[in-house]
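Student: I have just opened this one and would like a guided tour. Please keep it simple.

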Amino acid sequence: MMKRLFINSCMSILSTALILVLSTGCGSLETLTKSLQKPSPKVLGVRLSDLSIDAVTLLFDVELDNPYSVPLPLANMDYNLSSDNRAFFSGKAEIQDVIPVGQTKTFEAPVTVQFAQILEFLQDVQLGSIIPYEAKLGMSVDAPGGQSLRLPLEHTGQFPIPAIPTIRFQDIQWEELSLNAARGVLRINVVNNNQFPMELSHFNYNLSLAETEIASTGIDKQIKFAENGGVGMIEIPLNLSPQNLGVAMVRALTGAKANCDCEGVMDVQTPFGPMPLPFQSVGDVLFKR
């Protein structure tokens with residue numbers, strides 16, 4: 001009798017277990033299995049954008065997979081940048097995106113670095129330098145079950161801290177000089193104060209001579225400047241009417257030199273992308289006839 005009761009009890013337990021398994025379903029088992037996995041992020045590369053004299057934006061291209069059976073929302077990416085084991089920048093980049101079920105997606109995570117902050121923390125760094133960096137990143141995702149995961153990843157690279165070029169007046173070579181017309185060429189030497197080469201594409205300027213504005217325009221020039229002090233010459237054509245500019249200009253043009261003020265923006269191409277470089281130079285310029 002006891003033996004029969006024991007056998008019936010075992011059969012009841014097995015039947016209950018079988019019913020629970022069948023009622024759970026394959027989909028739930030798959031979810032349970034996949035919930036034990038974690039996404040595997042990786043940095044595919046970094047592009048530089050909006051390079052200027054003040055800042056640069058690092059665009060991290062991050063690839064992330066979704067191993068779950070539900071969509072995977074992205075929360076944000078925290079970052080810590082350092083150079084030679086010295087931290088100089090940290091923060092968070094907000095990322096609003098969702099990775100569909102079972103798919104892999106590449107997204108862009110922007111990090112804008114202000115050069116003033118780097119120079120404050122890395123006091124031995126000079127303007128015009130190329131800075132190597134190490135980036136420690138953390139991708140936060142909202143995983144199934146209400147859990148938040150931080151997925152670490154790292155990347156190394158480099159970016160420049162641009163320096164303003166030095167502008168030096170060489171001379172003005174007059175081709176014609178009278179009360180009615182003054183035609184000539186202003187020659188300017190430009191010194192590249194950066195550790196990287198650059199190539200000029202457009203030169204936009206405001207030019208004053210003897211404290212009188214004589215030109216405000218731009219010229220297209222293709223001039224290459226080597227790194228570390230490379231020099232190139234820019235020739236600016238002049239076509240003036242001295243008597244229309246006043247007595248001060250007439251007197252200035254009859255002398256051997258005059259005060260010159262040139263300011264504007266150089267559009268240059270660099271190995272790190274295009275960049276506008278502001279400039280200004282004030283000083284005397286010699287006249288040649």
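This is a predicted model: local features need pLDDT of at least 70, side-chain atom pairs count only at pLDDT 80 or more; totals for chains, interfaces and linings use all residues.

**Charges, strands and rings**

Student: What is the relative accessible area of K42?
Tutor: For K42 the figure is 45%, which makes it partly exposed. Under 20% relative accessible area is buried, over 50% is exposed, and partly exposed is in between (1.4 Å probe, protein chains only).

Student: Which residue forms a salt bridge with K42?
Tutor: The partner is E63, with the closest N and O atoms 3.6 Å apart. E63 sits in strand β2 (residues 55–65) and K42 in strand β1 (residues 42–49), 21 residues apart, which links distant parts of the chain. A salt bridge needs a side-chain nitrogen of Lys or Arg within 4 Å of a carboxyl oxygen of Asp or Glu. Strands (E, at least two residues) and helices (H or I, at least four) are DSSP runs numbered from the N terminus.

Student: How many salt bridges are there in the whole structure?
Tutor: A search finds twelve.

Student: What is the N to O distance between E108 and R47?
Tutor: Their side chains meet in a salt bridge at 2.6 Å. E108 is in strand β5 (residues 104–114) and R47 in strand β1, so the bridge ties together parts 61 residues apart in sequence. E108 is partly exposed at 42%, and R47 is partly exposed at 37%.

Student: And which parts does the bridge between K257 and D284 tie together?
Tutor: The side chains of K257 and D284 meet at 3.9 Å, N to O. K257 belongs to strand β13 (residues 257–270) and D284 to strand β14 (residues 273–288), so parts 27 residues apart in sequence are tied together. Elsewhere, R47, D61 and E108 make up one network, joined by salt bridges that share partners.

Student: Changing topic. In what order do the strands of the three-stranded sheet run?
Tutor: The open sheet has the order β1-β2-β5, with antiparallel pairing. Two strands pair if DSSP finds at least two bridges between them.

Student: Which strands stand at the edges?
Tutor: β1 and β5 do; each has a single partner strand, so one side of each lacks a neighbour in the sheet. β2 and β5 pair over eleven bridges, and L58 stands opposite V111 in β5.

Student: Now the rings. How many aromatic pairs are found?
Tutor: Eight, across the whole structure. In F88 and F159, the ring centres are 6.4 Å apart and the planes at 70 degrees, so that pair is edge-to-face. F88 is in strand β4 (residues 86–99) and F159 in strand β7, 71 residues apart. Rings of Phe, Tyr and Trp (its six-membered ring) pair if their centres lie within 6.5 Å; planes under 30 degrees apart are stacked, over 60 edge-to-face, and the rest tilted.

Student: Are those two buried or exposed?
Tutor: Both are buried: F88 has 2% relative accessibility and F159 has 0%. F203 and Y205 form a tilted pair, 5.7 Å centre to centre with 35 degrees between the planes.

Student: Which residues form the aromatic cluster with F88?
Tutor: F115, Y133 and F159 form one cluster with F88.

Technical notes: Residues are numbered from 1 along each chain as its sequence is written. Side-chain values use heavy atoms; hydrogens and water are left out.
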